[in-house]
Amino acid sequence: MINPQSDAGHRRQTTVTGIVLIGLAILMALLMAPDAAGNATFRLSRPNDAWPVPNLVVPSGPFIYVIAAILAFLGVRQFMRGGARWALLSLGIGLAFAVGAFLVWATAGKAFSLTGMLQATMVRAVPIALGALAGVLSERVAVVNIAIEGMLLAGAFTGALVGSLAGGIGGLAAAIAVGGLFGFILAALVVTYRMDQIIAGVVINLFVLGLTSYVSSQVFSEYRHLNNAPVFRSVKIPILGDIPVIGPMFFNQNVFVYGALVMVAVSTYYLFYTRHGLRARAVGEHPRAADTLGINVYRTRYINVTVAGMVAGFGGAWFTLGSVGRFDEGMTGGRGFIGLAAMIFGRWHPVGALAAALVFGFADSLQQKLALLQTPIPSEFLAMAPYIATIIVVAGLVGRARAPAADGKPYVKE
Amino acid sequence: MTDRTMQNLLQGKAIGRTEIEDMVVVPLFAVIMALLLGALTMLATNIDLSTIGRSYIALLDGSVGSLNAISETLTAAAPLILAGLGLALGFRAGLFNIGAEGQIVVGGLAAVVTGFSFAALPSFVLLPMSLFAGAVAGALYASIAGWLRAATGAHEVISTIMLNLISFRLLDYMLSLPFVQKEGRADPISKSVPDAAELPRLLSAVDPNLRVHAGVFVVMIMVVVVYWLLFRSKLGFEFRASGENPKAARFAGIHSGVIIVAAMAVAGALAGLAGANQVLGVLGRATPGFSAGIGFDAIAVALLGRSHPVGVVFAGLLFGALEAGGRQMQVDAGVSIDLIGIIQALIIVFIAAPLLVRAIFPWGFRHKKGGA
């Protein structure tokens, strides 16, 4: 395998980055810019906002040429002396600019609500971010968590069932508890019974999918009132919620968005600024050394994986209590796996995981908006774009992202 | 250890008491426990005891109780075994390939397109060609993930998940293209493959409704091929060496990059073949979601079969039987087929965690310090 830190690997990364950027620049200058006519109008505020902001009007053709020039500059720089140092940063900036240019191209001659899209981005990022956070918490103690998908699904199901009977708060609490239960089961299987971690995760996914689908087709189809939960409404935080553009994104949302933001902050603090977090990370990096120093490896893993399950259970409740109030079979639709990708993309760090989840959320909501703008690109390809982008980014980022050293390995106390 | 057991069994050597425990007692306990817990689940959802009894009789009846049931079991097991073989081979090489689902989609699509594009060809050319197209498409699609892993180190779990999601969109797109879509249809559905491209049904002389098709021969051939490849060929040795200890393999002069791409390609070819098997043997055309989660079930099959070709066959047959029996259960007793998913998951838990089974049934085993 190639060591990305080595010179050859580095040089290749630089070359690839350069080629990608120049390729994008050519694509834009030749295909998108001549096609874009008129101004692209981005609405930055909504009719009854407290502090209205004028619309952002961009002349689409010239804008795309400028972006293409910037990309070409960044690409050519890769091949000049010292360019290698900035390869990843350039790629990141370049891709962001490319997305911007793409948006302008799609909006040319039309109007488009940027605020609305950012708000939708945050909403769609929530389950992915919470899934990724659950992954971070358990992988930091070296337990690979493939079961995120199952935990999300369990949370969604419990949220709907208990929420229908006991109201939203009760449903939420139950979803967290059931998520924690599956976290505990995962910990028991892999720590105490030393089952292969990936098998344990796959099994939990299968089990939860089977159980929830079974109950929903056997019971919910007959007793509909059991699957009719209340939905948490958005709560606007005074003043902050009125900030133009980003206000609605962060401060006019429901409890799940606030909860996700708080959890990311708390877990960052826990993992990197407390004694317990340090111990947890030690268990993930070198369990034998941690054990020698008197840290209880098994207990640390049990606690962290159970908490991870609770986080995922909370994220799962978003699907029912946070959006539609009703459970459908397999409604998580692979969000748990995307969360896993976000975790790696975010380098096993809670804030990174949130950022990665936002990228996925953005791609998700972008695809929906673009369908409304009627671009000539088939919607299937737009839907693919985030996944292709993930592959490119994960491939480009490797070497910078390192998993906890003991990740996936069972620990047997001597 | 199980591996050695399998080898011993295959070579006709005597096996000891602990090995019998591993091979027979644990799986038996696993199945019984899973069925018991399944019954408890049914009780919990307010199903009375007689219905539970009827549903388990239907499960048995629908999986092995008649010629039709056996035919259904084999039909359901064939793609699971094919894809499971590929995944098992990947696991042996240290690759956790979650992408069988996407490879099935791409392989099936390629097989369908080849089938109806060359409809004029005679069956003995067209059928192998369609199968081959499916295998090649699956192999190419899987090697993307292999290449990414080898060239950049991108983890195959992520890239195969993404490739799965991409393949579903690709399928939707392809099915709406004029040259793939069935004439006169507005919904996404492909043209049907001609009879010459279909895997012939084996027992249509007995009863035209028996669905078991020539795909079972493909499965048998592939089991032998994979066994040979893994345990008798140089490439297979290199796969296993890279999986067991990548560092040592590299120092021994094995090109890990080439091995990764090759292992993914072979796994993809088998999954593609599973997709081709489905469209050419059962469905006759491609529809959205025709892969029906086979690629994910195949992960369980490969794990349950302990990544050994022979084990995969038995695991695939068990899952196929549960699938076929589950359908009967739904019809006869009105119990949702989703119960099968629960039972399957529980079986894997108990088989994959022998320590757990030993903890639950300590009297079933000779006491052994240290566990399995």
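How many residues of chain A are in contact with chain B, and how many of chain B with chain A? I started there, keeping in mind that this is a predicted model. I got 40 residues of chain A in contact with 36 residues of chain B.

Next I looked up which helices build the chain A side. I found α6 (197–220), α12 (335–345) and α14 (379–397) of chain A, each supplying at least two residues to the side that touches chain B. α6(A) gives the most, with 15 residues. By class, I noted 30 nonpolar, 7 polar and 3 charged residues on that side of chain A.

Then a helix pair within chain A. I took α8 (residues 255–273) and α9 (residues 275–285) of chain A: their axes come within 5 Å and cross at roughly 75 degrees. The range for roughly perpendicular is 65 to 115 degrees, so α8(A) and α9(A) fall in that class. From α8(A), I see A:Tyr270, A:Leu271, A:Phe272 and A:Tyr273 meeting A:His276, A:Gly277, A:Ala280 and A:Arg281 of α9(A). I logged the residues of this contact as 5 nonpolar, 2 polar and 1 charged.

Last entry: B:Ile260, which I located in helix α11 (residues 256–283) of chain B. Buried or exposed? I count B:Ile260 as buried because it has 27 C-beta neighbours inside 10 Å, and the cut-off for buried is 20 or more. Setting aside neighbours within four places in sequence, I list B:Leu95, B:Gly146, B:Arg149 and B:Ala150 as in contact with B:Ile260. I also checked B:Leu210: it sits 50 residues from B:Ile260 in sequence and 40 Å away in space, C-alpha to C-alpha.

How values were computed. Residues are numbered from 1 along each chain as its sequence is written. Chains are lettered from A and ligands numbered from 1 in the order in which they are written. This is a predicted model: local features need pLDDT of at least 70, side-chain atom pairs count only at pLDDT 80 or more; totals for chains, interfaces and linings use all residues. Two residues are in contact if their C-beta atoms, placed from the backbone, lie within 7 Å. Helices (H or I, at least four residues) and strands (E, at least two) are DSSP runs, numbered from the N terminus. Ala, Val, Leu, Ile, Met, Phe, Trp, Tyr, Cys and Pro count as nonpolar, Asp, Glu, Lys and Arg as charged, and the others, Gly among them, as polar. Axes are lines fitted to C-alpha atoms, for helices over the stretch in contact, and angles run from 0 to 180 degrees between N-to-C directions. Angles under 35 degrees count as roughly parallel, over 145 as roughly antiparallel, 65 to 115 as roughly perpendicular and the rest as oblique. A residue is buried if 20 or more other C-beta atoms lie within 10 Å of its own, exposed if 12 or fewer, and partly exposed in between; C-beta atoms are placed from the backbone.
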